[in-house]
Amino acid sequence: MNGLGEWLRQVVAIALIGGIAEMMLPSGGLVRYVRMTVGVALLAALLSPILPALRGGWANSAANRASDFLFGNTATTAPAQPESRAAQDYAQALHQAEDQDAATYLAEWAEASLPDPIRSEVVKVTVEHPTSADQMAVTVLVRPTGMADAVEIRQIIASQLDIGPSQVEVLDEGDAPR
């Protein structure tokens, strides 16, 4: 029953403070924005008992933030809700997608940095750990019959990516693990 009383107090407080704020403003264009903001905060407060069951309590947080924005009440901001498992999974998926994009971009950039005669002998460039220069590893596959110089490839790519030459591995296509 305590939760119901708190919810009712929150709804009444938002309605009262919104009404008082609206009465204190001169009639004009600003009243529309205050009404809209108070309406959104009131709607969020009204829906707050229902929405946490669906998704981690964001409505309560939104109502508090709207109330804080409207009335400058920063001292009573509710503590941050812990991230839900779905949000953590989404963030992890985003980080993985960023890493894949970075690896693709760096591989393309490394290959493009090679002079034309050498680049024509390159089959594939892959980059692992693209977001950490210390852990980055670059693998360059070249044609087995090609005349590509592994030392030169290693030096060019290492200087372009600002990593050590030991982090660049040049393999014949036939030697590469499958």
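Visitor: What is the relative accessible area of Asp 162, and does that make the residue buried or exposed?
Guide: This is a predicted model, in which local features need pLDDT of at least 70, side-chain atom pairs count only at pLDDT 80 or more, and totals for chains, interfaces and linings use all residues. Residues are numbered from 1 along each chain as its sequence is written, and side-chain values use heavy atoms, without hydrogens or water. With a 1.4 Å probe and protein chains only, buried means under 20% relative accessible area, exposed over 50%, and partly exposed in between. Asp 162 has 66%, so call it exposed.

Visitor: Where does Asp 162 sit?
Guide: Helices (H or I, at least four residues) and strands (E, at least two) are DSSP runs, numbered from the N terminus. Asp 162 isn't glycine, yet its phi is positive, near 55 degrees. Its place is the loop between helix 7 (150-161) and strand 3 (168-172).

Visitor: And what's phi at His 129?
Guide: His 129 is in the loop linking strand 1 (122-128) and strand 2 (137-142). At 44% relative accessible area, this histidine is partly exposed. Its phi is positive although the residue isn't glycine: near 55 degrees.

Visitor: Why does Met 23 count as exposed?
Guide: Met 23 is part of helix 1 (residues 2-24). It counts as exposed because its relative accessibility is 70%.

Visitor: How far apart in space are Gln 10 and Ala 45?
Guide: Gln 10 belongs to helix 1, and with a relative accessible area of 15% it's buried. In sequence, Gln 10 and Ala 45 are 35 residues apart; in space, C-alpha to C-alpha, the separation is 7.0 Å.
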